[in-house]
Amino acid sequence: MSDSAYRCVVVDDEASSREVLSVYLGRYCPELQLVGTATNAEEGIALIGRTQPHVVFLDIEMPFKSGFDMLGAFGERSFQVIFVTAYSDHAINAIQVSAADYLLKPVGIDQLHAAVSKAVTRIGERRQVDHARVLLDNLKNDS
């Protein structure tokens with residue numbers, strides 16, 4: 001595993017979905033390093049806090065709290081979200097929370113690649129903006 005890999009986590013209440021996605025990520029997405037999985041929103045919040053992932057693969061329909069409820073626990077998110085769900089009727093909500101992508105189960109390899117590519121591009125763009133912000137702050141402080 002490369003040191004430059006982006007950390008990711010999977011939050012899904014279905015064991016088979018977590019397992020399949022974990023295998024796909026390991027086999028087809030070398031730019032990502034899976035650092036943990038969670039079975040519900042509360043575990044997901046704790047896992048994200050511990051591992052500080054770059055990308056979160058998130059189911060929506062889970063017992064007790066939905067994936068959207070889980071996202072509500074975070075202020076400004078430092079990670080990209082890729083929803084992985086069996087339901088197509090949450091796509092508008094996914095757009096409203098600025099998800100990188102919205103994949104329907106069963107996940108295809110091509111769709112997974114495209115979603116990961118979008119997330120990685122967004123991470124790079126955010127890093128460039130953050131870098132530019134630091135440079136501007138330094139210039140202001142020097143004058």
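Helices (H or I, at least four residues) and strands (E, at least two) are DSSP runs numbered from the N terminus. Welcome to a predicted model, in which local features need pLDDT of at least 70 and side-chain atom pairs count only at pLDDT 80 or more, while totals for chains, interfaces and linings use all residues. Residues are numbered from 1 along each chain as its sequence is written, and side-chain values use heavy atoms, with hydrogens and water left out.

**Figure 1. The open sheet of 5 strands.**
Reading across the sheet, the strand order is E2-E1-E3-E4-E5, and the pairing is parallel; strands pair here if DSSP finds at least two bridges between them. Strand E2 (32-38) and strand E5 (101-104) form the edges, each pairing on one side only. From one strand to the next, the twist averages 20°, an angle between axes fitted to C-alpha atoms (for helices over the stretch in contact) and taken from 0 to 180 degrees between N-to-C directions.

**Figure 2. From E1 to E2 by way of helix H1.**
Start with the pair E1 and E2, which is parallel and held by 6 bridges. Within it, Tyr6 stands opposite Leu32 of E2. To get from E1 to E2, the chain passes through H1 (residues 15-28) in a right-handed β-α-β crossover; right-handed means that, with the strands pointing away from the viewer, the path from the first strand over the helix to the second runs clockwise. Another helix to look for in this view is H2 (residues 41-51), which lies across E1 (6-11), E2 and E3 and runs at about 140° to E2.

**Figure 3. Strand E4, covered on both faces.**
How many residues of E4 are buried? The count is 6 of the 6, so E4 is largely enclosed by the rest of the structure; buried means under 20% relative accessible area, exposed over 50%, and partly exposed in between (1.4 Å probe, protein chains only). In a regular strand the side chains alternate between the two faces of the sheet. In E4, Gln80, Ile82 and Val84 take one side, and Val81, Phe83 and Thr85 take the other.

**Figure 4. The neighbours of E4 in the sheet: E3 and E5.**
E3 (residues 55-58) and E4 (residues 80-85) run parallel and are joined by 4 bridges. The chain goes from E4 through H4 to E5 in a right-handed β-α-β crossover.

**Figure 5. Where helices H1 and H5 cross.**
The axes of H1 and H5 (residues 109-142) come within 11 Å and cross at roughly 70°. H1 and H5 are therefore roughly perpendicular to each other; the classes are roughly parallel under 35 degrees, roughly antiparallel over 145, roughly perpendicular from 65 to 115, and oblique for the rest. H1 brings Leu21, Tyr24, Leu25 and Tyr28 to the contact, and H5 brings Ile109, Leu112 and His113, with contact meaning heavy atoms within 4.5 Å. These residues divide into 6 nonpolar, 1 polar and no charged (Ala, Val, Leu, Ile, Met, Phe, Trp, Tyr, Cys and Pro count as nonpolar, Asp, Glu, Lys and Arg as charged, and the others, Gly among them, as polar).

Is Val116 buried or exposed? Its relative accessibility is 1%, so Val116 counts as buried. Leaving aside residues up to four places away in sequence, Val116 touches Cys29, Glu31, Leu32, Phe57 and Ile82. Its C-alpha atom is separated by 9.5 Å from that of Leu25, 91 residues apart along the chain.

**Figure 6. Backbone details at Phe64, Ser98 and Pro106.**
Phe64, in the loop between E3 and H3 (67-72), has a positive phi near 75° without being a glycine. At 87% relative accessibility, Phe64 counts as exposed. Ser98 sits in the loop between H4 (91-96) and E5, and its phi is positive as well, about 60°, although Ser98 is not a glycine. At 44% relative accessibility, Ser98 counts as partly exposed. Last stop: the loop between E5 and H5 holds Pro106, and the peptide bond from Lys105 to Pro106 is cis, with omega near -5°.
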